[in-house]
Structures are given as structure tokens and as C-alpha cells.
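I opened the notebook to look up the pocket and the strands around it. Entries are in the order I checked them.

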Amino acid sequence: MHRHSCALPLACFIAALVAAAPAADEKPAFHIVGYLPDYRLSAFDPDKARPCTDLIYFSVEPTGQGDLKRDGLHGDDLAKLQAIKAKHRLTLSLCVGGWERSAGFSQIAASEKTRQAFVANLARFCHENQFDGVDLDWEHPADEVQRENYGKLIVELKKTGLLVTVAIADWQVLSPAAIEAVDRVHLMAYDAPKRHSTYEYAVSAVERLIKMGVPAGKICLGVPFYGRQVDGPAKSLTYGQIVQKHDPPPTSDEVDGIYFNGPETIRRKTRLAIDQKLCGVMVWELGQDAPDERSLLRAIERAASDRP
């Protein structure tokens with residue numbers, strides 16, 4: 001995030017608010033948020049990100065002392081991310097945590113000292129490397145104490161002026177403080193048992209989050225660009241692999257025991273987000289998509305372009 005000096009801070013603040021506010025006849029922004037993991041970046045075609053409004057780079061791992069473990073993030077990676085951001089005018093966020101990368105969160109969040117150290121290190125890294133925001137993905141706080149500490153961490157991070165989002169499972173609970181401070185909640189409405197990401201599951205997950213107190217306008221509905229085996233071991237295939245191997249019709253969501261979201265279900269879920277006045281749709285993850293006319297990202301883009 002770039003900062004500019006101003007002799008009249010209040011005037012600058014008001015001007016920024018006016019500039020950011022949509023015109024009376026302008027539709028609120030509908031976010032198309034794509035995660036891009038570190039192990040996909042080198043082979044990723046930057047043009048594939050064109051429909052996105054937001055790109056989230058996954059992921060940096062927090063250490064218990066409040067530092068950042070960023071072994072997979074090098075100078076060439078940063079340069080490519082900035083090129084994608086500039087070409088498509090995207091908001092670029094850095095994801096911290098994720099599955100098997102969240103062990104440090106409980107220690108960081110437990111004390112004011114480590115929370116402040118973590119926030120300072122993270123904000124410095126983001127400002128130096130032109131990340132506009134931070135996406136926190138603690139998988140998962142274990143009890144009420146950890147949930148409250150997570151809320152305190154989110155509140156501290158929001159004071160930096162960065163965009164702050166969180167990724168949560170459909171069953172996960174956020175504290176009132178976290179809900180108030182966060183800019184968006186990325187709802188991971190997938191990886192349920194059996195058919196892991198049905199339309200009905202998405203509906204119930206959104207309803208649960210709203211009942212928990214998350215405003216609809218802060219919820220970004222997560223959709224999968226991969227399939228999972230319905231029964232037996234947790235075999236998975238990317239949507240691109242499913243298309244290449246099985247060539248399913250657009251209305252299909254299951255093939256050879258693998259459940260996925262085809263273009264029609266992705267379109268319905270995008271319409272659900274629009275009809276429920278959610279802030280957008282989130283994708284895990286961009287590198288799993290199929291090319292050209294089979295692309296699920298294009299299905300989201302087309303459905304979003306038809307919104308009233």
C-alpha cells in the first residue's frame with residue numbers, strides 16, 4: 001500500500017473516503033477473489049487472473065515469536081506478483097497460515113507482546129513489497145480463549161491500514177471483535193464429507209455465518225476448483241485434470257466417484273452470492289482451473305457481469 005504525505009490529515013482522510021465511495025447509481029463492488037499458492041506461481045499464466053478483482057498469494061507461515069517464515073517467497077516471485085497486480089489492476093494480499101502452516105498462531109495470539117511483534121513484522125513486509133492486504137488463515141483456533149486472542153490479533157492488524165481478510169471453515173466461530181474489525185470473511189464452503197461442496201451446503205454455510213453476526217456484505221463465498229472422492233481415501237483432482245481426463249458436460253458435478261463443481265453449479269453459486277448481497281466469490285485455487293471456454297473463473301465472471 002502506497003502512502004502519500006498531506007499537510008491536512010483530516011482533509012486527506014475525507015477526500016479519500018469520498019473518492020472511495022461509489023456514486024449513487026454505481027453498483028457496489030463484487031469481488032472475485034483468487035488464491036494462488038506459492039507452488040503454482042512459476043507456471044501460472046498472468047492472463048488467467050484477468051477476471052479477478054483480488055489476488056491472494058498463499059502463503060507465509062507465522063512463527064511463534066511473531067516472525068514470518070517465507071521460504072517459498074523469493075525476489076522473482078515478488079516481481080511476478082507485482083506484474084500481475086499492475087497488468088490487471090488487482091488488489092494483492094498476502095495469506096498467512098493455512099493447512100499445516102498455522103502452528104505459530106496460538107503462541108503469537110496469546111500475548112500482547114507477540115501480537116504486536118507479528119503485526120509490526122507483517123505490516124513492514126507488506127508495505128516494503130507492495131501488498132495491499134493480509135489474509136489470515138488460522139486452521140484452527142482450538143477453544144474460546146484462542147478465538148478471543150485471534151480477535152485481538154485481527155483488531156491489532158487492522159490498525160495498520162492494510163486490508164484485512166480471514167479465511168474460515170463453515171463451522172468456525174469468529175469473535176464479535178474479529179467480525180467488526182475484518183474487511184471480508186472468505187467462507188471455505190468446501191471439504192465437507194461425501195459430496196464436499198454442494199449448492200445446498202453453500203446455502204447453509206452462508207446462513208450460519210449470517211446468524212453468527214457476520215454482515216452479508218462482508219462474506220465472500222468460497223468455491224472449489226477441484227474435486228474430491230466421494231467415498232474412500234481423500235483422493236482429489238484439479239478441475240483441469242477432471243476436464244482433461246473425463247470431459248464432463250457443463251451440468252455435471254460428479255464423475256468416476258469424484259465430486260466437483262462444474263460450470264453450472266459455479267454459476268448458481270455466483271448467483272447465490274449476488275442474490276444474498278454477499279461481497280463476492282472466492283476461489284481455491286486459480287492454478288486448478290481448466291483452460292479457455294471450460295474455465296470456471298470465466299463462468300464466475302459471466303454470472304457476475306449479469307448482476308442487476
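My notes below go from the pocket to its strands.

**Ground rules.** I am working on a predicted model, where local features need pLDDT of at least 70, side-chain atom pairs count only at pLDDT 80 or more, and totals for chains, interfaces and linings use all residues. Residues are numbered from 1 along each chain as its sequence is written, and side-chain values use heavy atoms, with hydrogens and water left out.

I looked up the largest pocket first. It holds about 670 Å³ of space. I noted how a pocket is defined: on a 1 Å grid over the protein atoms alone, it is an open set of points where a 1.4 Å probe fits, with protein on both sides within 12 Å along at least five of seven lines. Points are joined across faces, edges and corners, and the volume is the space filled by probe spheres set on them. Lining residues have an atom within 4 Å of a point. I found 28 of them, and W99, E139, D191, Y226 and W284 are the closest to the centre.

**Lining.** Which strand gives the most to the lining? I found that β10 does, with 3 residues. β6 (163-169), β9 (226-229) and β10 (236-238) each supply at least two. Strands (E, at least two residues) and helices (H or I, at least four) are DSSP runs, numbered from the N terminus.

**β6.** I checked burial next (buried: under 20% relative accessible area, 1.4 Å probe, protein chains only). In β6, 7 of the 7 residues are buried, so the strand is largely enclosed by the rest of the structure. L163, T165, A167 and A169 point one way, V164, V166 and I168 the other.

**Neighbours of β6.** Strands pair if DSSP finds at least two bridges between them. β5 (133-137) runs parallel to β6 over 4 bridges, and V134 stands opposite V164. On β7 (184-188) I counted 5 bridges to β6, also parallel. There V185 is the bridge partner of V166.

I traced an open antiparallel sheet of 4 strands, ordered β10-β9-β12-β11. β10 and β11 (254-255) are the edges, each with a single partner strand, so one side of each lacks a neighbour in the sheet. β9 and β10 share 3 bridges, and R228 pairs with S236.

Definitions and conventions:
Buried means under 20% relative accessible area, exposed over 50%, partly exposed in between (1.4 Å probe, protein chains only).
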